[in-house]
Amino acid sequence: PILEIKNKLREYDIYNPECCAITSDGKYYIDLQTVCGSENVISSKPDDVTDYFSSAAFDYIIIGNCINNYPEPFRIIRKVYSLLKKGGEKRQSVR
């Protein structure tokens, strides 16, 4: 979803958004580094997101997988919301 979002933003003349990603699946790590930059990709569990990113850091947060697939979905939701800037949005990608 990150590449799709970056491509969509280009339609609105936004060419260099800063994107970050966290993944626990190593097969996506290199691809995410290509899209987000190597310093903005973390290989870890989604539960650890607040260990790597500071609070109120993001305008948008997108969860690429169904939140119900995680062992403690409400815990992840609380952590993700703590990373949003005031007025930011969290969306779940639908595949």
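## Overall fold

Strands here are DSSP runs of E at least two residues long, numbered from the N terminus. By that rule, residues 41–43 form strand β2, and Ile42 sits in this strand. The model is predicted.

The protein holds 4 helices and 4 strands. From the N terminus on, the elements run α-β-α-β-α-β-α-β.

## Size and packing

Of the 95 residues, 31% count as buried. Take the contacts between residues at least 6 apart in sequence: 56% of them join residues at least 24 apart.

## Helices α1 and α2

Two packed helices are described by the angle between their axes and the distance between the axes. Helix α1 covers residues 2–10, and helix α2 covers residues 29–36. They pack at an angle of about 20°, with their axes 10 Å apart. Angles under 35 degrees count as roughly parallel, so α1 is roughly parallel to α2. The crossing of the two helices is left-handed.

Which residues of α1 and α2 meet? From α1 come Ile2, Leu3 and Lys6. From α2 come Leu32, Val35 and Cys36. The residues of this contact divide into 5 nonpolar, no polar and 1 charged.

Is Ile42 buried or exposed? Its relative accessible area is 16%. The cut-off for buried is under 20%, so Ile42 is buried.

Leaving out residues up to four places away in sequence, Ile42 touches Ala21, Ile22, Thr23, Tyr29, Tyr52 and Phe53. Strand β1 spans 21–23, and Ala21, Ile22 and Thr23 are among the contacts of Ile42. Tyr29, another contact of Ile42, lies within the range of helix α2, residues 29–36.

Tyr81 is 39 residues from Ile42 along the chain. The C-alpha atoms of Ile42 and Tyr81 are separated by 18 Å.

Asp13 lies in the loop between α1 and β1. Most residues other than glycine have a negative phi. Asp13 is not a glycine, yet its phi is positive, about 60°.

How does the side of accessibility look for this residue? Asp13 has 56% relative accessibility, so it counts as exposed. The cut-off for exposed is over 50%. Ile42, by contrast, is buried at 16%.

Methods: Residues numbered from 1 in each chain as written. Predicted model: local features only at pLDDT ≥ 70, side-chain atom pairs only at ≥ 80, totals over all residues. Heavy atoms only, no water. Axes fitted to C-alpha atoms, helices over the stretch in contact; angles between N-to-C directions. Parallel < 35°, antiparallel > 145°, perpendicular 65-115°, else oblique. Left-handed = near helix turned anticlockwise from the far one by under 90°. Contact = heavy atoms within 4.5 Å. Nonpolar A, V, L, I, M, F, W, Y, C, P; charged D, E, K, R; others polar. Buried < 20%, exposed > 50% of the residue type's maximum accessible area, 1.4 Å probe, protein only.
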